[in-house]
Amino acid sequence: MDQVIVRPAEPGELATVAGLRWRWILEHDGTAPTALDREDFVRHFVAWAERNVSSHRCMVLVSGDLGIIGMAWLAVVHRVPTPYALHRASGDLQCVYVVPEARDAGLGGRLISETLARAKDLGLERVTVHSSPRAVPAYARQGFENSPRLLQTHLARATPRP
């Protein structure tokens with residue numbers, strides 16, 4: 001694999017990023033989803049990404065010989081102002097994925113690190129992540145740690161209203 005860079009995704013690359021998301025589901029579930037075919041999913045994904053460009057920033061991992069081989073999404077959430085900070089935001093690192101053939105070479109860590117640098121440039125106070133057990137060590141190497149103050153509750157899985 002020749003030179004690999006991490007950079008923001010360009011609008012014309014969103015269909016390729018959607019393909020990575022589809023591939024991720026195939027890898028984890030072992031079968032293609034039955035609710036949508038791939039083309040419908042890609043169209044929906046691209047439209048969603050275009051509508052949410054102000055809150056969700058996509059970073060891509062690009063290899064000169066293989067093209068886009070990874071992605072990470074930084075969701076930015078604006079927070080309630082305080083007298084100390086009138087403009088506040090935090091982030092959530094989502095959908096970090098590197099194709100299997102490019103794993104175990106430190107590229108996922110690089111994708112995480114450069115996405116966190118982007119979060120810092122945006123002035124985010126903190127970034128959270130909901131990780132698979134396999135990826136926890138990769139996040140820990142990038143400074144993520146368990147917090148006794150960060151709690152979550154699971155809600156019934158439903159399709160949110162648009």
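Val 62 stands opposite Ile 68 in E3, and that pair is a handy way into this predicted model. Strands E2 (56-63) and E3 (67-79) form a hairpin with three residues between them. Their pairing is antiparallel and runs over eight bridges. From here, the picture opens out to the whole sheet, the helix lying across it and the core.

**The sheet**
- Five strands make up an open sheet, in the order E1-E2-E3-E4-E5, and the pairing is mixed.
- As a reminder, strands in a sheet pair through backbone hydrogen bonds, which can be parallel or antiparallel.
- Which strands stand at the edges? E1 and E5 (127-129) do; each has a single partner strand, so one side of each is left without a neighbour in the sheet.
- From one strand to the next, the twist averages 25 degrees.

**E2 and its partner E1**
- On its E1 side, E2 pairs in the antiparallel sense over five bridges.
- Is E2 mostly covered or mostly uncovered? It's mostly covered, with seven of its eight residues buried.
- In a regular strand, side chains alternate between the two faces of the sheet.

- H1 (14-29) lies across E2, E3 and E4.
- Relative to E3, H1 runs at about 95 degrees.

**The nonpolar core**
- The largest nonpolar core counts 43 residues.
- Those with the most contacts inside this core are Leu 61, Met 71, Trp 73, Leu 93, Leu 111, Ile 112 and Val 127.
- Strands E1 (4-8), E2, E3 and E4 (88-98) each give two or more residues to the core, and so do helices H1, H2 (38-51), H3 (107-121) and H4 (136-141).
- Which element supplies the largest share? That's E3, with seven residues.

**Met 71 up close**
- Leaving out residues up to four places away in sequence, what does Met 71 touch? Its contacts are Val 17, Leu 20, Arg 21, Trp 24, Cys 58, Met 59, Val 60, Cys 95, Val 96, Tyr 97 and Leu 111.
- Met 71 is also one of the core residues with the most contacts inside the core, and Leu 111, which it touches, is on that list too.

Definitions and conventions: Residues numbered from 1 in each chain as written. Predicted model: local features only at pLDDT ≥ 70, side-chain atom pairs only at ≥ 80, totals over all residues. Heavy atoms only, no water. Core = buried A, V, L, I, M, F, W, Y, C linked by side-chain atoms within 4.5 Å. Buried < 20%, exposed > 50% of the residue type's maximum accessible area, 1.4 Å probe, protein only. Helix = DSSP H or I, 4+ residues; strand = E, 2+ residues; numbered from the N terminus. Contact = heavy atoms within 4.5 Å. Pairing = 2+ DSSP bridges. Axes fitted to C-alpha atoms, helices over the stretch in contact; angles between N-to-C directions.
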